[in-house]
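Please examine the sequence and the structure shown here before reading on.

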Amino acid sequence: PVENHCVFCPGEAMPDEFLTKVVQELETLVGFTATCGDAEAYLQYQIPMDSKTCLLAQGHNHVCGCNDGLFSYLDADTRTKQAVMAWAPRISALLSMIGSIL
């Protein structure tokens, strides 16, 4: 086992109902058709925490019920934060266009 191993669902346990779910996205990460439970076990024993593979796996962990099933981009882990992240560039672009017109 790797000493400083990757944690697939940081800060929480994977919900039991997802342990046997087969997820195609994980196949590219672990190299075989894997269930969420397989991916978690593989990452915990084979992949260091500071690797790109770990970061990529944690970016896809929402498909296994981690983070309440929410895709967490740029650490936006709630719907409110995700809405702010989605709308900030739109508002910025609108203000830029208005500034260009004036």
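Which cysteine does a disulfide join to C9? In this predicted model, the partner of C9 is C66, with an S to S distance of 1.5 Å. C9 belongs to the segment before β1 and C66 to the loop between α3 and α4, so distant parts of the chain, 57 residues apart, are linked. C9 counts as buried because its relative accessible area is 2%, under the 20% limit; C66 is likewise buried, at 1%.

A search of the whole structure finds three disulfides, listed below.

| Disulfide | S to S distance |
|---|---|
| C6 and C54 | 2.1 Å |
| C9 and C66 | 1.5 Å |
| C36 and C64 | 2.0 Å |

Counting the bonded cysteines along the chain gives the pattern 1-4, 2-6, 3-5.

The link of C6 and C54 is right-handed, with 85° about the S-S bond. This pair connects the segment before β1, which holds C6, to helix α3, which holds C54, across 48 residues. Both C6 and C54 are buried.

The link of C36 and C64 is left-handed, at -85° about the S-S bond. Since C36 lies in helix α2 and C64 in the loop between α3 and α4, the pair ties together parts 28 residues apart in sequence. C36 and C64 are both buried.

Helix α2 spans residues 36-46, and its buried residues are C36, G37, A39 and L43. They lie on the same side of α2 because they cover an arc of only 165° around the axis. The elements covering them include β1, α1, β2 and α3.

Conventions:
Residues are numbered from 1 along each chain as its sequence is written. This is a predicted model: local features need pLDDT of at least 70, side-chain atom pairs count only at pLDDT 80 or more; totals for chains, interfaces and linings use all residues. Side-chain values use heavy atoms; hydrogens and water are left out. Buried means under 20% relative accessible area, exposed over 50%, partly exposed in between (1.4 Å probe, protein chains only). Helices (H or I, at least four residues) and strands (E, at least two) are DSSP runs, numbered from the N terminus. The arc is that of the directions from the helix axis to the C-beta atoms. Contact means heavy atoms within 4.5 Å. A disulfide is a pair of cysteine sulfur atoms within 2.5 Å.
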